[in-house]
Amino acid sequence: MTARLVLNRDLVKLLSSSPHVSRDWGRHGPAHEDKQDVPWYWAWSVETAGQNALNSYGDAHNRLRTPIVLALARRRVDAMEPVIEEIVSAALGALADGPSTVDLVPLYALTVAHQVVIRLLGMPAELLPAFHAAAAGLFATDASAEEMASSMQGIRDVLAELVALRRAQPGGDDLVSDLIREADKDVRPLTDEELRDQLLLVITAGVETTVHAIGTLLVDLMTHDEARSQATGSKEAMADALEESLRRQSPAAAVPTRFMIEDVTDPVSGVTLHAGERVILHLGAAGTDPDVHEAPDTFDITRDTSRQHLAFGHGPHFCPGAALARLEITTAVSRFFERFPTTRLTSTSLEPVEGFILTGHKSIPVQLAR
Ligand code: HEM
């Protein structure tokens, strides 16, 4: 399969918000797609992930997305603030009690992101063993596509049970109860299967991205002493550091794939993208576009274009978890450096995660130090 890769920031924005571009593989993708040619197809397809907000278009997208946006609104983010502090504090306590040479990806970033999603969903104790077993497979970087598909099914089964539990006991103060409540206000409420698949999307879109964002910001600050001392102890400077980190290394680099359903002409280059073409909008490249950012590879938390990135997307699919993610990442990274301020990397070359969808560090080996 071939697709056109779009790197220019303005064109990425134009196409992200255009009604002439769709992400719905079922309705607008090629009917004869050979899945063997597209190894990552399974992760985004309706067959494995279900019909969710991310792989829908138009009114169908609105119907699936609106309850998620409302359930992840400010009220939920505020309610999560003390919970995130508690999770981060426990993760730091475990690091302090363990060996001083550790890999921060599994032992910190993933632990925090995983615990946050469990608490966000209000996952009851009885479902935790099954959730942990399936989630371990989903986030194992060395798992095969078949193993991941099986983990995905495992998580779908747990989420189906969770939806059934919340239906049986409505009124809870958790994301699932909010999602059901919001969805039930629609003239066409979401079915239990649709609710399950939107929750699966929250997990697939929200956990690994956050793990890499935490990891990348930790590394950026470990390798930039002045920025680290500015960001530690100042909420504003830490927020600036996060935006700069997201700009320079967008965790969701390129969320595949979109389909042109009408011709669109780029007003600047005059190039026409024709109906039927596939496009991949590179959110990561948009953050390092040299027409927008001077010396784009330099990490500079005082630059005035730091916030002009597209790490959370743009247009109708803009990430509804952005506020929660920002809170989670800045809390995890601030508290880390308060506890272990002089921690250093023990390797000078960090291996990047594989593939073109996500960017981040596969492992972050450090010597913890106060
Ligand atoms: C640093 C962390 C995160 C990054 C970089 C990120 C990035 C993104 C991006 C790029 C998209 C697609 C936007 C587009 O296609 O235009 C997206 C969609 C989405 N994200 Fe996030 N995300 C993060 C965290 C989260 C969290 C914590 C949650 C939920 C708790 C979440 C839930 C979602 C959902 C449900 C969608 C689909 C929205 C739609 O298609 O309408 N994300 N995210």
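Two strands count as paired if at least two bridges are found between them. β1 and β7 meet that cut-off, because 3 bridges join them, and the two strands run parallel. This is a predicted model.

**The four-stranded sheet**

- An open sheet is formed by 4 strands in the order β1-β7-β4-β2, and its pairing is mixed.
- The edges are held by β1 (4–6) and β2 (21–22). Each of these has a single partner strand, so one side of each is left without a neighbour in the sheet.
- Between β1 and β7, which run parallel, Val 6 has Leu 281 in β7 as its bridge partner.
- Strand β4 (residues 258–260) is joined to strand β7 (residues 278–281) by 2 bridges, and this pair runs antiparallel.
- In that antiparallel pair, Arg 258 has Val 279 in β7 as its bridge partner.
- In a regular strand, side chains alternate between the two faces of the sheet.
- In β7, Arg 278 and Ile 280 point one way, while Val 279 and Leu 281 point the other way. All of these residues are buried.

**The three-stranded sheet**

- A second open sheet has 3 strands in the order β3-β9-β8, with antiparallel pairing.
- Its edge strands are β3 (101–103) and β8 (344–345), each of which pairs on one side only.
- β8 is joined by 2 bridges to strand β9 (residues 365–367), and the two run antiparallel.
- Across this pair, Leu 345 stands opposite Val 366 in β9.

**The iron site and its loop**

- The iron atom of the ligand has a single donor from the protein: the SG atom of Cys 319, 2.3 Å away.
- Cys 319 is placed in the loop between α15 (283–287) and α16 (322–339).
- Ala 295 also has its place in the loop between α15 and α16.
- Most residues other than glycine have a negative phi.
- Ala 295 has a positive phi, near 45°, although it is a residue other than glycine.
- Ala 295 has a relative accessibility of 47%, so it counts as partly exposed.

**The second largest pocket**

- Rolling a probe the size of a water molecule over the atoms shows where empty space is left.
- The second largest pocket has a volume of about 340 Å³.
- Its lining consists of 18 residues. Those nearest the centre of the pocket are Lys 235, Met 238, Thr 330, Thr 331 and Ser 334.
- Three helices, α6 (74–97), α14 (235–248) and α16, each give two or more residues to this lining.
- α16 gives the most, with 7 residues.
- By type, the lining residues divide into 5 nonpolar, 5 polar and 8 charged.

**Residues in helices**

- Met 80 lies in helix α6. Its relative accessible area is 3%, so Met 80 is buried.
- Leaving out residues up to four places away in sequence, Met 80 touches Val 116, Arg 119, Leu 120 and Leu 324.
- Met 80 and Met 238 are 158 residues apart in sequence, and their C-alpha atoms are 19 Å apart in space.
- Leu 121 lies in helix α7 (residues 104–121). Its relative accessible area is 0%, so Leu 121 is buried.
- Leu 121 and Ser 177 are separated by 56 residues in sequence and by 8.7 Å in space, C-alpha to C-alpha.
- Gly 154 lies in helix α9 (residues 145–168). At 22% relative accessibility, Gly 154 counts as partly exposed; the cut-off for buried is under 20%.
- The C-alpha atoms of Gly 154 and Phe 356 are 25 Å apart, and the two residues are 202 residues apart along the chain.

Technical notes: Residues numbered from 1 in each chain as written. Predicted model: local features only at pLDDT ≥ 70, side-chain atom pairs only at ≥ 80, totals over all residues. Heavy atoms only, no water. Donors = N, O, S within 2.8 Å, 3.2 Å for Na, K, Ca; no water. 1 Å grid on protein atoms, 1.4 Å probe; cavity = no way out; pocket = protein on both sides within 12 Å on 5 of 7 lines; lining within 4 Å. Points joined across faces, edges and corners; volume = space filled by probe spheres on them. Nonpolar A, V, L, I, M, F, W, Y, C, P; charged D, E, K, R; others polar. Buried < 20%, exposed > 50% of the residue type's maximum accessible area, 1.4 Å probe, protein only. Contact = heavy atoms within 4.5 Å.
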